[in-house]
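Please look over the sequence and structure shown here with the briefing that follows.

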Amino acid sequence: MNILKGKVWTFGDDVDTDAIIPARYLNTFDPGELALHCMEDADPTFAAKVSPGDIIVAGKNFGCGSSREHAPLAIKAAGVSCVIAESFARIFYRNAINIGLPILESAQAAASLQEGRQVEINLEEGKISDLSSGSTFTAVPFPPFMQGIMAKGGLINYIREKKNKK
Amino acid sequence: MGQTIVEKILARASGKKRVSPGDLINAKIDFALGNDITAPVAINEFKKTGAEKVFDKERIALIPDHFTPNKDIQTAEQVKLMRDFARQQGIIHYYEIGRMGIEHALLPELGLVLPGEVVIGADSHTCTYGALGAFATGVGSTDLAAVMATGELWFKVPHTIRIAFHGNLPPWVGGKDLILYTIGQLGVDGARYAALEFSGSAISRLDMDARFTISNMAIEAGAKAGLIPPDEVTRKYLTGRTARPYTAVLGDEGAPVAEEYNWDVESLEPQVSLPYSPANARPVSSVAGTEIDQVVIGSCTNGRIGDLRQAAALLKGKKVHPRVRLIVIPATQAIYLQAMREGLLEIFVEAGAAVSTPTCGPCLGGHMGILAGGEVAVATTNRNFVGRMGHPESRIYLAGPAVAAASAVSGVIAHPREIGGGDAR
């Protein structure tokens, strides 16, 4: 079940983790609470209008700034099924893979997908289809090692399985 | 072919003869860090790994510094969770309120992070320790959990961008100005995934406090690490601070790097980064006269004794402008005590400043100086994103302690030379 389908919400370049989840809400790490404030300082209405399965599309350097894992947690708990960006800041990239939030890097998709479009994503193939226009895009593939982590549903499961094998 | 300092450190830590940029490696971690925001999440994840004991109770630090002294019931619960875990695991480096400091000032001060080491912290400003010639990088809570369980972590070997600053620094220009200028030149993602390496005659002459400021903000250019090759200044700083042996690592002469910049500092003005990006760096004179409401001097970037001395040299015998609130936050208890002994705290209080116990507090919009809508601050902190210090419609200008102090007195953004007083450097 690696087919995702949802509506696009677009954001610009350099979306920082303070915009994704402001520190004033970091006195909890309950995903449901964090989801209520997801993207609040970029778009205060986002948490209210996002639907399960929806997709965030952004420009370069998505998730820059603080290392707070609360950022991908908030996005995941808000129901977002995948983040597509031209590029990701490195800590956010690690965090998303570690907690099992699907992310895809594609400059073409980031530039072409417009807000409100319906998009289908085949995660295994890294294929992004704009159902409204028929265009398709291919994301930068993950190294096999990271695919391994993602296939286990995140880093913790990956470690637990490795430990059990020993 | 020669190797850079980062490549050599990561080769050693992964048990390889050499590594190249882009290689995926598994490295042994020498030291790991979490704070009251990130450690609770990590502890939760650690428990899920099935591990019962942390990999080494002497090589983990848990520091309550972000929302502390506890600002509300929820943060008190988060700190309690971390404290209970530290006790249960026998983690030695847990520092309680009254003994703690801002993590990135405290760990070097205690000699817990050393040249040649691989350090990870669940805090983006972990790159600060690059100033000691360590490979130090920020990660998330799950990565910290993995390290607490296994003592290892995967990395992609970064390429290196070398930045050399040449010449003598003009008065009032210090570490903060060099790093704001660097971020302004590279952009907020100009060093994404890269290791920055700072060198040159201007860097060699800087003391450790200024070097920590530079490495601290490498992340603001997207960098994974920000290293300064260890030298005599580094060695002197570490003397008497640490019982742990270390091997300083230097890059090979002529090791290839991805990019190289050579900048002359002699005509550099103090820098200010305008809202809402650390990359919006400009000479202070271009924004001089901008009215302000608050000034914060502190944080893991600029809360060290050298920063406080610089601010005090300008504030001595003067008053904070009636319209302005000045908040000074020494970064650790030791710095606080030193500032007290040197009479700096007296200068601040007599000038009309509030002096706080060590905390990250206002830097991340936590507490101890939150901004209202429409308010403007000059801060020696590291980020000026929308809503960073409070209301999404507040505005932050990032600067060094000299510009911050001069602005507090003037009530507007000001060049330090405008208010007189000596340069403490």
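In this predicted model, chain B holds an open sheet of four strands in the order β10-β9-β8-β11, with parallel pairing, where two strands count as paired if DSSP finds at least two bridges between them, and where helices (H or I, at least four residues) and strands (E, at least two) are DSSP runs numbered from the N terminus. Because the model is predicted, local features need pLDDT of at least 70 and side-chain atom pairs count only at pLDDT 80 or more, whereas totals for chains, interfaces and linings use all residues. Residues are numbered from 1 along each chain as its sequence is written, chains are lettered from A and ligands numbered from 1 in the order in which they are written, and side-chain values use heavy atoms, with hydrogens and water left out.

**The four-stranded sheet of chain B**

- β10 (225-227) and β11 (259-264) of chain B stand at the edges of this sheet, each with a single partner strand, so one side of each is left without a neighbour in the sheet.
- From one strand to the next the twist averages 20°, with axes taken as lines fitted to C-alpha atoms (for helices over the stretch in contact) and angles running from 0 to 180 degrees between N-to-C directions.
- Within this sheet, strand β8 (residues 160-166) of chain B runs parallel to strand β9 (residues 195-199) of chain B and is joined to it by five bridges; B:Ala164 stands opposite B:Ser199 in β9(B).

**The five-stranded sheet of chain B**

- A further open sheet in chain B is formed by five strands with parallel pairing, in the order β4-β3-β2-β5-β6, and its edge strands, β4 (93-94) and β6 (135-138) of chain B, each pair on one side only.
- Strand β5 (residues 118-121) of chain B pairs with β6(B) in the parallel sense over four bridges, and in this region B:Val119 stands opposite B:Ala136 in β6(B).

**The interface of chain A and chain B**

- In terms of contact (heavy atoms within 4.5 Å), 38 residues of chain A meet 48 residues of chain B.
- The two chains bury about 3,700 Å² between them, 58% of it on carbon and sulfur atoms, buried area being the accessible area (1.4 Å probe) that two parts lose on being put together, summed over both.
- A:Asn27, A:Arg90 and A:Arg94 supply 20% of the area that chain A buries against chain B, more than any other three residues.
- Between the chains there are 19 residue pairs in polar contact, both residues at pLDDT 80 or more; a polar contact is a pair of N or O atoms within 3.5 Å, where within protein one must be able to donate a hydrogen and the other to accept it, and residues adjacent in sequence count only if both atoms are side-chain atoms.
- On the side of chain A that touches chain B, α5 (90-99), α7 (144-151) and α8 (155-165) of chain A each supply at least two residues, and the largest share, seven residues, comes from α5(A).

**Salt bridges**

- A search of the whole structure finds 27 salt bridges over all chains, each defined as a side-chain nitrogen of Lys or Arg within 4 Å of a carboxyl oxygen of Asp or Glu.
- Three salt bridges are found across the interface of chain A and chain B; B:Asp189 forms a salt bridge with A:Lys60, with the closest N and O atoms 3.4 Å apart.
- Within chain A, the side chains of A:Arg24 and A:Asp41 meet in a salt bridge (2.7 Å, N to O).

**Local backbone features**

- A cis peptide bond, with omega about -15°, joins B:Thr68 and B:Pro69, and B:Pro69 lies in the loop between β3 (60-63) and α3 (73-89) of chain B.
- A cis peptide bond also joins B:Pro275 and B:Tyr276, with omega about -5°.
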